[in-house]
Amino acid sequence: MTCKLIVFSPTGGTQRAAELLAEPFQPIAETIDLCAMHTDFSKTTLTSDDLCIVVVPSFAGRVPATAVERLRQMQGNGARAVLVAVYGNRAFEDTLVELQDVLTEQGFHCIAGVGALAEHSIARQFAAGRPDVQDAAVLADFGRKIADKLANNDDSIPTFPGNRPYRPYTPSPMHPQGNAEVCTKCGACVAACPVGAIASDQPYETQEHCISCMRCVKVCPQHTRTLNPAMLAGLTQKLSAVCEGRKENELFL
């Protein structure tokens with residue numbers, strides 16, 4: 001069976017979780033980057049001989065709408081799917097069940113799932129440094145259990161936590177902005193933005209359809225793209241009540 005990664009990972013934490021889980025399935029045949037705005041995902045070739053590890057961050061307890069839109073361009077053709085919802089120490093809520101529904105509609109067969117931890121993309125002090133060494137061991141071990149399930153021709157579908165209908169999605173109002181006096185117009189943020197919310201002629205500004213994924217903050221070589229300090233402080237205070245303490249990966253087989 002061929003293993004492929006299908007990943008929406010704006011800041012890299014989600015990608016890292018995917019790679020750790022996929023360790024027992026090396027070499028990976030293909031990585032499909034759902035952040036690539038100009039890719040025609042309808043041309044993705046999948047068959048029933050493929051195992052797809054589909055990994056997305058949880059945005060306010062939901063699958064990012066951009067990832068849903070791009071997954072719906074694909075046809076699974078009976079490919080097995082391992083679902084991974086990556087979250088920053090708050091909760092992944094309805095992300096796994098929504099991802100299951102989207103993939104099932106597109107012809108994937110969902111055989112396992114994970115609620116995995118990674119550093120919060122906005123308030124980075126929460127789940128800082130994760131996935132860490134302990135996470136790596138847990139995810140790789142679970143990958144081996146998935147491999148055993150496949151070897152035993154076990155196509156059973158686990159029960160994933162979450163609600164239908166899904167929780168209402170509230171977009172984040174936190175849109176990073178650049179400093180025009182420091183910005184060199186290198187174009188790194190323009191090229192990296194998954195939704196084209198940064199114009200090349202004014203890359204220090206962010207358009208309203210920004211999805212607050214923080215990819216532009218991550219890639220800016222001048223570190224000029226930042227969030228409103230007052231808004232960030234307010235979010236941090238709000239999250240402190242629910243993000244303190246270590247949470248562990250949740251596994252569904």
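Phe-160 and Phe-252 are both buried, where buried means under 20% relative accessible area, exposed means over 50%, and partly exposed lies in between, with a 1.4 Å probe and protein chains only. Please keep in mind that this is a predicted model, in which local features need pLDDT of at least 70 and side-chain atom pairs count only at pLDDT 80 or more, while totals for chains, interfaces and linings use all residues. Residues are numbered from 1 along each chain as its sequence is written, and side-chain values use heavy atoms, with hydrogens and water left out.

**Aromatic pairs**

- There are two aromatic pairs, counted when ring centres of Phe, Tyr and Trp (its six-membered ring) lie within 6.5 Å; planes under 30 degrees apart are stacked, over 60 edge-to-face and the rest tilted.
- The ring centres of Phe-160 and Phe-252 are 6.2 Å apart and the planes stand at 75°, so this pair is edge-to-face.
- Phe-160 sits in the loop between helix 4 (133–151) and helix 5 (188–192), and Phe-252 in strand 6 (residues 250–252), so the pair ties together parts that are 92 residues apart in sequence.

**Overall build**

- The chain has seven helices and six strands; these are DSSP runs, with helices (H or I) of at least four residues and strands (E) of at least two, numbered from the N terminus.
- Starting at the N terminus, the order of elements is β-α-β-β-α-β-α-β-α-α-α-α-β.
- The radius of gyration is 18 Å, which agrees with the value near 18 Å for a compact globule of 253 residues; it is taken over C-alpha atoms, and the globule rule is 2.2 Å times the number of residues to the power 0.38.
- Along the principal axes, the C-alpha atoms fill a box of roughly 60 × 40 × 35 Å.
- Of the 253 residues, 48% count as buried.
- The accessible surface is about 11700 Å², and 50% of that belongs to carbon and sulfur atoms; areas come from the Shrake-Rupley method with a 1.4 Å probe, and for residues only the protein chains shown count as cover.
- Among contacts with a separation of 6 or more, 82% are between residues 24 or more positions apart, a contact being heavy atoms within 4.5 Å.

**Nonpolar cores**

- The largest nonpolar core holds 33 residues, and Ile-6, Leu-71 and Leu-103 touch the most other members; such a core is a set of buried Ala, Val, Leu, Ile, Met, Phe, Trp, Tyr and Cys residues joined through side-chain atoms within 4.5 Å.
- Two or more residues of this core come from each of strand 3 (50–57), helix 2 (65–71), strand 4 (80–87), helix 3 (95–105) and strand 5 (109–117).
- Helix 3 gives the most, with five residues.
- A second, separate core has 24 residues, including Ala-17, Ala-22, Val-82 and Ala-112.
- Setting aside residues up to four places away in sequence, Leu-71 touches Ile-6, Leu-34, Val-54, Leu-99, Val-102, Leu-103 and Gln-106.

**A buried glutamate**

- Glu-98 belongs to helix 3 and is buried, at a relative accessible area of 6%.
- The Glu-98 side chain reaches the backbone nitrogen of Val-63 at 3.0 Å.
- Beyond its neighbours within four places in sequence, Glu-98 is in contact with Arg-62, Val-63, Val-68 and Tyr-166.

**Backbone features worth a look**

- As background, most residues other than glycine have a negative phi, and most peptide bonds are trans.
- The bond from Gln-26 to Pro-27 is cis, with omega near 0°, and Pro-27 lies in the loop between helix 1 (13–21) and strand 2 (30–33).
- Arg-130 and Pro-131 are also joined by a cis peptide bond, with omega about 5°; Pro-131 is in the loop between strand 5 and helix 4.
- Ala-60 is not a glycine, yet has a positive phi of about 55°; Ala-60 is in the loop between strand 3 and helix 2 and is partly exposed, at 33% relative accessibility.
- Lys-185 has a positive phi near 55°; Lys-185 is in the loop between helix 4 and helix 5 and is partly exposed, with a relative accessible area of 48%.

**An exposed alanine**

- Ala-191 is in helix 5 and counts as exposed, at 70% relative accessibility.
- From C-alpha to C-alpha, Ala-191 and Ala-128 are 27 Å apart in space, and they are 63 residues apart in sequence.

Definitions and conventions: A polar contact is a pair of N or O atoms within 3.5 Å; within protein, one must be able to donate a hydrogen and the other to accept it, and residues adjacent in sequence count only if both atoms are side-chain atoms.
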